[in-house]
Amino acid sequence: NQFSLIDRLYNDQILSKEDFICLIEHRTKEDAEYIASLARKEAQKIYGTGVFPRGLIEFTNYCKNDCCYCGIQRSNANVSRYRLTPEQILSACQCGYELGYRSFVLQGGEDPYFNDERMVSIVSLMRKTYPDCAITLSLGERSLESYQALHAAGADRYLLRHETATEEHYQHLHPKEMSLAHRKQCLWNLKEAGFHVGTGFMVGAPGQTAAHLAEDLLFIKELDPKMVGIGPFVPHHDTPFKDEPSGTAELTTFLISILRLMNHHLLLPSTTALGTIDPKGREKGILAGANVVMPNLSPIDVRKDYALYDNKICTGDEAAECVGCLGRRMDSIGYHLEFCRGDYR
Ligand code: SAM
Ligand code: FES
């Protein structure tokens, strides 16, 4: 087993690239159980057994990008495109607020319709209506000035996964018009603009190796974000990666534990993609050291149209109140949903 390498990660909160590769490539079931127990213990020291819910509002599925893995890429002519109005966004927040949420995430494709003027107006309205709530944005790559304006309007946090920190792999996942250098620059700009920043990557993305994952971990150490979102890659039938295999829950949870040991304070979601490939995926993520869940708050009738990958959970009528479902799931493993802003501690 690799307990001594795991102990070193626990003490130093970092490993060399070679050691990360070794840990990932030679991991065993015993290693996974051991690292998860350390990760859980550290998360509980800071956050207890509370799990922060963030209400996710998927407000547009228009996108100008063509990421090879993503179901709402611009080339997919089979997507029925929608945009929520400011009134629909506010009413989703109101539903969420009444259910107890104090943290909202506005996520969408890179939709030029939502220029700075429109976004600033939506964020200002949310800030004014819900002064006690955290507002997180996930709108992709924008200019520093745009990030500054959104932060000034009242947004607190921003999620932008770097996707992969290796240049060749980035090019394999994205068309030439996108670049890793620009993605990274956006992350530094978001920090400069004053956001609490989240980054992350997909586990088991096509072409991904242990060396790529090691680079991802080293980049995350350098960026020092407050949040890291990772979930398995899941294929979508209308994309170039339709025949590629999904990532696994086993590797995803192992990486969640590694990330927890790299920064005990991180806000680490147990993602919907993890719950999609494994019926107990979100529970397993929490038990591996995650401490955030992001239930869907989008209006029911548009949920099926925000299909980033196939078989996404929480898109049917049964998902009217994900918060109830997730509350029961957390209770079943000795955790509970903690309704608050869920700030970094
Ligand atoms: N447009 C914004 C951006 O690019 O950051 C936010 C929306 S984007 C759809 C959110 C995340 O979905 C991406 O960062 C990506 O990691 C994830 N995603 C896209 N397609 C996926 C797939 N097939 N399987 C798993 N995750 C996927
Ligand atoms: Fe959405 Fe279970 S969390 S239905």
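Start by selecting strand 5 (residues 157-159) and strand 6 (residues 196-203): three bridges join them, and they run parallel. Helices and strands here are DSSP runs numbered from the N terminus, H or I of at least four residues for helices and E of at least two for strands. Two strands pair if DSSP finds at least two bridges between them. This is a predicted model: local features need pLDDT of at least 70, side-chain atom pairs count only at pLDDT 80 or more, and totals for chains, interfaces and linings use all residues. Residues are numbered from 1 along each chain as its sequence is written, while chains are lettered from A and ligands numbered from 1 in the order in which they are written.

**Stop 1**

Zoom in on L159. Opposite it, in strand 6, stands G198. Now show the whole sheet. Six strands form it, in the order 2-3-4-5-6-7; it is open, with parallel pairing. Strand 2 (55-60) and strand 7 (227-232) are the edges; each has a single partner strand, so one side of each lacks a neighbour in the sheet. On average, neighbouring strands are turned by 20 degrees against each other, direction ignored. Axes are lines fitted to C-alpha atoms, for helices over the stretch in contact, and angles run from 0 to 180 degrees between N-to-C directions.

**Stop 2: strand 7 and P232**

Select strand 6 with strand 7. They pair in the parallel sense over six bridges. T199 stands opposite V228 in strand 7. Is strand 7 mostly covered or mostly uncovered? It is mostly covered, with six of its six residues buried. A residue is buried if 20 or more other C-beta atoms lie within 10 Å of its own, exposed if 12 or fewer, and partly exposed in between, with C-beta atoms placed from the backbone. Check both faces: M227, G229 and G231 are buried on one side, V228, I230 and P232 on the other.

Pick P232, in strand 7. It has 25 C-beta neighbours inside 10 Å and therefore counts as buried. Leaving aside neighbours within four places in sequence, the contacts of P232 include M202, G204, S246, T252, L274 and I277. Contact means C-beta atoms, placed from the backbone, within 7 Å.

**Stop 3**

Select helix 3 (residues 29-47) together with helix 10. They pack at an angle of about 45 degrees, with their axes 9 Å apart. That makes helix 3 oblique to helix 10, since angles under 35 degrees count as roughly parallel, over 145 as roughly antiparallel, 65 to 115 as roughly perpendicular and the rest as oblique. Among the residues that meet are A32, I35 and A39 in helix 3, and F254, I258 and L261 in helix 10.

Next, colour the largest nonpolar core. It has 98 residues, and I57, F104, L190 and I258 have the most contacts inside it. Such a core is a set of buried Ala, Val, Leu, Ile, Met, Phe, Trp, Tyr and Cys residues joined through C-beta atoms within 7 Å. Its largest share, eight residues, comes from helix 10. Centre on I258. It touches L9, I35 and L217, not counting residues up to four places away in sequence.

**Stop 4: the three-stranded sheet**

Select strand 1 (residues 50-53) and strand 8. Two bridges join them, and they run parallel. P53 stands opposite V293 in strand 8.

Definitions and conventions:
Contact = placed C-beta atoms within 7 Å.
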